[in-house]
Amino acid sequence: MKALKTMPCALASIACLLAMTVGWNVVLSSAASAEVRFGRNVRVGGHDFSHQSFNRKRRAEIYLYDRTPSRSGCVWRSDGRGGRAKTCHLRRIR
């Protein structure tokens, strides 16, 4: 009789551990595989960003200004972590 009383408690703790493990796996895997894909006719600050994708190795830094920036346009640069970053200084269109 004593073994039957401890069995539901053990099953509950195993189920809780399993749920926590599955939850952490979902959280960690979704953060590691983030990617942004722009479709067609996507324009940011008057520049065409259609059909471009960005992820951990290929990033984009887009700065929007109310007035014309001193270094306007987009430039690809090394980000210092083994990837590339597209840095854009664009004027906001209203």
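Phe-54, in this predicted model, makes contacts with Glu-35, Val-36, Phe-38, Phe-49, Arg-59, Ala-60, Trp-76 and Lys-86, where residues up to four places away in sequence are left out of the list. Phe-54 also belongs to the largest nonpolar core, a group of five residues in which Val-44, Phe-49, Cys-88 and Leu-90 are the other members.

Side chains of opposite charge can pair when their charged atoms come close. The structure holds four salt bridges, and one of them links Arg-59 to Glu-61, with the closest N and O atoms 3.4 Å apart. Arg-59 counts as partly exposed because its relative accessibility is 22%, and Glu-61, at 25%, is likewise classed as partly exposed.

Arg-59 is also paired with Asp-79, the closest N and O atoms in this salt bridge being 3.3 Å apart. Because Asp-79 sits in the loop between strand 6 (73-78) and strand 7 (84-91), while Arg-59 lies in strand 5 (residues 58-65), the pair ties together parts that are 20 residues apart in sequence. Asp-79 is buried, since its relative accessible area of 18% falls under the 20% limit.

Asp-79 meets a further partner, Arg-81, in a salt bridge with an N to O distance of 3.9 Å, and Arg-81 counts as exposed at 59% relative accessibility. Through shared partners, these salt bridges join Arg-59, Glu-61, Asp-79 and Arg-81 into one network.

How values were computed. Residues numbered from 1 in each chain as written. Predicted model: local features only at pLDDT ≥ 70, side-chain atom pairs only at ≥ 80, totals over all residues. Heavy atoms only, no water. Core = buried A, V, L, I, M, F, W, Y, C linked by side-chain atoms within 4.5 Å. Buried < 20%, exposed > 50% of the residue type's maximum accessible area, 1.4 Å probe, protein only. Contact = heavy atoms within 4.5 Å. Salt bridge = Lys/Arg side-chain N within 4 Å of Asp/Glu carboxyl O. Helix = DSSP H or I, 4+ residues; strand = E, 2+ residues; numbered from the N terminus.
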